[in-house]
Amino acid sequence: MAEFMNVGKIVNTHGIRGEVRIMPLTDFPEVRFAKNAELFFFTPDNHPVMVNVESARLHKNMYILRLKEYGNINEVEKFKGGMAKVLKENLAELEEGEYYFHQIVGCSVITEEGETLGTISEILTPGANDVWVVKTPAGKEILLPVIDDVVLDVDVTEKQVKVHLMEGLL
């Protein structure tokens with residue numbers, strides 16, 4: 001069974017020529033929504049349809065996509081509220097020290113002394129740096145800023161993150 005990753009939310013149609021408005025959920029919108037890019041549109045009831053991008057433009061933080069397969073509003077209405085996805089194997093290569101959210105969520109977190117803190121349950125993106133939410137075995141949440149002084153090592157194959165606990169983090 002194919003695995004898909006979200007790259008955008010289909011928020012609405014645009015005009016009468018079959019264009020759709022997409023809120024990007026990817027760090028690579030210029031790649032995902034480029035001419036001839038292959039996407040899978042999932043209808044709100046979760047039916048996938050493969051589409052090809054004819055053209056895309058950025059408008060008010062949304063991408064407006066024209067698709068090769070569709071030419072009018074009635075044909076794309078069914079996608080409204082759905083998701084734009086790519087096959088997991090088509091993910092862009094990241095540089096060293098960069099990770100996809102799905103690689104981080106679920107990792108166990110240990111201190112540099114070897115103490116287990118818990119598991120990363122969520123990633124927040126409030127601004128300057130991401131924040132990893134670590135759920136402890138007791139059910140408490142610890143917020144870890146993703147900065148070099150705190151995150152010492154990330155091993156996505158072992159699903160383990162080593163951290164330095166700065167004063168005030170617990």
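**Around the phenylalanines**

Start with Phe 42, which counts as buried because its relative accessibility is 7%, and the cut-off for buried is under 20%. Keep in mind that you're looking at a predicted model. Over the face of the Phe 42 ring sits Lys 85, at 4.5 Å from the ring centre.

The structure has 5 aromatic pairs in total. One of them joins Phe 4 and Phe 40, with ring centres 5.0 Å apart and planes at 65°, so it's edge-to-face. Since Phe 4 belongs to strand 1 and Phe 40 to strand 3 (residues 38–42), the pair ties together parts 36 residues apart in sequence. How exposed are these two? Phe 4 comes out as partly exposed, at 25% relative accessibility, while Phe 40 is buried at 15%.

Phe 4 also pairs with Phe 42: the centres are again 5.0 Å apart, and with the planes at 75° this pair is edge-to-face too. Here the link runs from strand 1 to strand 3, so it ties together parts 38 residues apart in sequence.

Now follow strand 1 (residues 4–14) along to Thr 13. Thr 13 is buried, at 12% relative accessibility. Beyond its close sequence neighbours (those within four places), its contacts are Glu 19, Val 20, Arg 21, Ile 73, Val 76, Glu 77 and Lys 80.

Finally, look at residues 102–169, which an unreviewed UniProt entry annotates as the domain "Ribosome maturation factor RimM PRC barrel". This span is 47% strand and 4% helix, and its end C-alpha atoms lie 24 Å apart.

Note on methods
Residues numbered from 1 in each chain as written. Predicted model: local features only at pLDDT ≥ 70, side-chain atom pairs only at ≥ 80, totals over all residues. Heavy atoms only, no water. UniProt positions renumbered as here; feature names shortened; annotations may be inferred. Helix = DSSP H or I, 4+ residues; strand = E, 2+ residues; numbered from the N terminus. Buried < 20%, exposed > 50% of the residue type's maximum accessible area, 1.4 Å probe, protein only. Contact = heavy atoms within 4.5 Å. Phe/Tyr/Trp six-rings, centres within 6.5 Å; stacked < 30°, edge-to-face > 60°. Lys NZ or Arg CZ within 6 Å of the ring centre and 35° of its normal.
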